[in-house]
Amino acid sequence: MVFYFSGTGNTQWAAEQLAAATDEKLLFIPDELNSTCDYTLAKDERIGFCFPVHGWQPPHIVREFIRRMTITGVADHYAYALCTCGDSTGLAMKMLTKELAQKGIVLQSCQSLVMPESYVCLPFMYTDKPEREREKIAQAQQDLDLFVKVVVGRQTNYSQLKLGLTPWTFSHVIGAYFNRYMITDKKFTVDSDVCIHCGRCAKECPVGDIEFDSIPHWKHDGNCTCCLSCYHHCPVHAINYGRITRKRGQYYFRGVKS
């Protein structure tokens with residue numbers, strides 16, 4: 001089985017290919033959190049975890065799921081993980097590895113994919129230019145093709161991660177601050193005079209954090225992952241995060257472009 005979380009679609013694109021290649025079930029983590037999170041593996045079934053890096057750490061929803069899940073008989077099963085990032089992962093995979101170890105799950109292989117940037121809520125962060133998007137996706141497809149072969153062949157001791165120059169600092173200092181104080185839906189606003197009342201933001205939110213009447217309203221219940229799916233999918237750019245995103249681009253995975 002392949003467990004995954006995705007906001008703007010980068011990780012979903014990769015997880016779907018892994019599930020198809022292994023002929024194993026694809027499970028969306030937000031949906032699974034509404035269940036018992038209790039699993040029984042079939043004989044020789046692999047265990048996969050796919051997630052986007054948020055502030056150089058695994059998203060809190062992924063960590064919560066792992067802490068709640070129960071999988072029987074994991075010792076003899078092949079386990080792997082894949083993460084997507086806009087630039088680097090920091091020590092996100094190491095953090096995930098520690099969470100999995102508490103459940104008796106030992107990763108045999110892991111991979112990072114550098115994908116188009118979607119986080120635009122800081123002064124120095126922007127979406128990529130279209131040409132750079134294409135370059136990243138093309139390289140990510142090559143890297144993913146190799147990793148699929150690793151997973152299908154159950155190769156062990158495999159690790160291809162884009163850690164960055166100072167991974168400890170990014171994950172444990174900058175990332176710790178980011179994930180503690182900047183993952184919130186309280187800064188989302190909607191320009192009511194621009195909104196076309198299509199409701200797409202609510203449909204695209206992976207954690208159901210948006211209530212929609214004539215305009216969106218965020219629930220402020222602690223479930224938001226700040227993936228910005230609502231912002232990026234708005235067809236008229238009516239949604240903003242504070243003031244900084246008003247002049248920023250939008251991105252979500254639309255498929256491989258030629």
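Reader: Which radius of gyration does the protein chain have, and with what value for a compact globule does it agree?

Author: The secondary structure of this predicted model comes to 8 helices and 12 strands. Along the principal axes, the C-alpha atoms occupy a box of roughly 55 × 40 × 35 Å. For 258 residues, a compact globule would have a radius of gyration near 18 Å, and the value for the protein chain agrees with this, at 18 Å.

Reader: Among contacts between residues at least 6 apart in sequence, what percentage joins residues at least 24 apart?

Author: Of the 258 residues, 55% count as buried. The accessible surface comes to about 12,600 Å², and carbon and sulfur atoms account for 50% of that surface. Among the contacts in question, the share that joins residues at least 24 apart is 77%.

Reader: With which residues is L96 in contact, leaving aside its neighbours within four places in sequence?

Author: L96 is one of the residues that touch the most other members of the largest nonpolar core. Once neighbours within four places in sequence are set aside, the contacts of L96 are F49, F51, P58, V62, I66, A81 and L107.

Reader: Against which elements do the buried residues of α3 pack?

Author: Helix α3 covers residues 60-68, and its buried residues are I61, V62, R63, F65 and I66. The elements against which they pack are β1 (2-4), α2 (29-32), β3 (38-40), β4 (47-52) and α4 (92-101).

Reader: How many residues apart in sequence are the parts tied together by the pair R46 and E24?

Author: The whole structure holds 8 salt bridges. In one of them R46 pairs with E24, with the closest N and O atoms 3.1 Å apart, and both residues are buried. Because R46 lies in the loop between β3 and β4 and E24 in the loop between α1 (10-22) and β2 (26-28), the pair ties together parts whose separation in sequence is 22 residues.

Reader: Which residues are linked with R63 in a network of salt bridges?

Author: The side chains of E99 and R63 form a salt bridge, with an N to O distance of 3.1 Å. This pair links distant parts of the chain, 36 residues apart, with E99 in helix α4 and R63 in helix α3. E99 counts as buried because its relative accessibility is 9%, and R63 is also buried, with a relative accessible area of 18%. The residues linked with R63 in the network are R67 and E99.

Reader: Are R200 and E204 buried or partly exposed?

Author: R200 and E204 meet in a salt bridge through their side chains, at 3.6 Å from N to O. They are 4 residues apart in helix α7 (residues 200-204), so about one helical turn separates them. The relative accessibility of R200 is 28%, and E204 likewise has a relative accessible area of 28%. R200 is therefore partly exposed, and E204 is also partly exposed.

Key
Residues numbered from 1 in each chain as written. Predicted model: local features only at pLDDT ≥ 70, side-chain atom pairs only at ≥ 80, totals over all residues. Heavy atoms only, no water. Core = buried A, V, L, I, M, F, W, Y, C linked by side-chain atoms within 4.5 Å. Buried < 20%, exposed > 50% of the residue type's maximum accessible area, 1.4 Å probe, protein only. Contact = heavy atoms within 4.5 Å. Helix = DSSP H or I, 4+ residues; strand = E, 2+ residues; numbered from the N terminus. Salt bridge = Lys/Arg side-chain N within 4 Å of Asp/Glu carboxyl O. Rg over C-alpha atoms; globule rule 2.2 N^0.38 Å. Areas by Shrake-Rupley, 256 points an atom, 1.4 Å probe, with all protein chains shown as cover.
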